Amino acid sequence: MQILPEVAEAIAAGRPVVALESTIISHGLPRPRNLQAAHDFEQILRDRDVVPATIAVVDGEPHVGLTASALERVALDESVVKVSVRDLPVAMATGASGATTVAATAYLAAKAGIRVFSTGGLGGVHRGASATFDESADLTVLARTPITVVSAGVKSILDIPATLERLETLSVTVVGYGTDRFPSFWLTESGETLDWAVPDADGVAAVMAANDVLGRTSAVLVANPLPYDKQLDPQLHHDALAQALAEAERDGISGKDVSPYLLARIVELTRGSSLEVNLDIAANNIAVGADIARSWSVRQQ
Ligand SMILES: O=c1[nH]cc([C@@H]2O[C@H](COP(=O)(O)O)[C@@H](O)[C@H]2O)c(=O)[nH]1
Ligand SMILES: [Mn+2]
């Protein structure tokens, strides 16, 4: 595993670092806009004096923190595959390049000693999972990975109540960020309510500290909704989602292709507006991740 010197130094000194995933770049956003987005995501952190650590596998080597050329490769090279935790050893052994999912990013970030990770939306239980067993490894990996993940809930392409049930079973701590309403990614609310809300970044850092005191090694999931004025138009969302789900079923899409297929189709069906919302979501979560990392860093001094 290679840790970029800037990242390694910040971790060693206890300065704030936020991990970023790469599957959202390679498989979640269209090229070439994704490269600009990848740069923008890192800049949001730098503007807040936080070191970004975008994570990916490059030529068989897991990288925590990417150089500009590695970031460009992950964004633009179509041969970069989607890599979850179980794929990591094979990618390493065969020299493949891969973009890491939330699960694989969380795994590598925690291994490097990073405590905070921002993403767009977490993977979860897919609709129809009782027949297909399609549940993202994001959930089980977070159950055993000590990292705080900031996410706008889970995408409405998933079964949101089932995902929350699984998070409960897996004993992953879930807190709303300034709200007890669980978001559904493109929409501010999913209709689901959380047991706990924390007011701010210091509140999240206090939960992390208590988790450590207890000796727990599971994640803290911070659900951070977009403000109402930035959410996707609910009617447009409803129609695009219904059509994309029906088309995925018609086309027999399964396994790890499901999320990228639906995301891309919804961008087309909303004529790009879901993409703008997706970018706002990621930016919003990265800014909150920066605040949490800074709060955590201060707490450790
Ligand atoms: O805004 C986004 N969030 C999340 C993803 C990715 O989708 C993955 C889930 O895939 P699956 O359902 O196959 O586990 C997440 O881990 C994440 O990498 C994405 O592309 N876009
Ligand atoms: Mn899946």
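Ala109 is in contact (C-beta atoms, placed from the backbone, within 7 Å) with Ala19, Ala53, Ile55, Val64, Ile114, Phe117 and Ile147, neighbours within four places in sequence being left aside. The structure is a predicted model, in which local features need pLDDT of at least 70, side-chain atom pairs count only at pLDDT 80 or more, and totals for chains, interfaces and linings use all residues. Residues are numbered from 1 along each chain as its sequence is written, while chains are lettered from A and ligands numbered from 1 in the order in which they are written.

Ala109 belongs to the largest nonpolar core, which has 95 residues; Val18, Ala53, Ala106, Ala109 and Val149 touch the most other members. Such a core is a set of buried Ala, Val, Leu, Ile, Met, Phe, Trp, Tyr and Cys residues joined through C-beta atoms within 7 Å. Helix H13 (residues 273-300) supplies the largest share of this core, ten residues. Helices (H or I, at least four residues) and strands (E, at least two) are DSSP runs, numbered from the N terminus.

H13 also packs with helix H3 (residues 33-46), at an angle of about 25° and with the axes 9 Å apart. The two helices are therefore roughly parallel to each other, a term for angles under 35 degrees. On the H3 side the contact is made by Ala37, Phe41, Ile44 and Leu45, and on the H13 side by Leu279, Ala282, Ala283, Ile286, Ala287 and Ala290.

The UniProt record, an unreviewed entry, lists Lys82, Val102, Ser136, Ala137 and Asp138 under "binding site". These residues are spread over 57 residues of sequence yet cluster in space, the largest C-alpha distance being 13.1 Å. The same feature name is placed by UniProt, again in an unreviewed entry, at Asp134. UniProt annotations may be inferred rather than shown by experiment.

Three of these annotated positions are set out below. A residue is buried if 20 or more other C-beta atoms lie within 10 Å of its own, exposed if 12 or fewer, and partly exposed in between.

| Residue | C-beta atoms within 10 Å | Class |
|---|---|---|
| Lys82 | 19 other C-beta atoms | partly exposed |
| Asp134 | 20 C-beta neighbours | buried |
| Ala137 | 18 C-beta neighbours | partly exposed |

Lys82 lies in strand S5 (residues 81-83) and, residues up to four places away in sequence not being counted, touches Thr23, His27, Gly98, Ala99, Thr101 and Lys256. Asp134 occupies the loop between helix H7 (129-132) and helix H8 (137-142); with its neighbours within four places in sequence left aside, Asp134 is in contact with His126, Ala129 and Val258.

Technical notes: Contact = placed C-beta atoms within 7 Å. Axes fitted to C-alpha atoms, helices over the stretch in contact; angles between N-to-C directions. Parallel < 35°, antiparallel > 145°, perpendicular 65-115°, else oblique.
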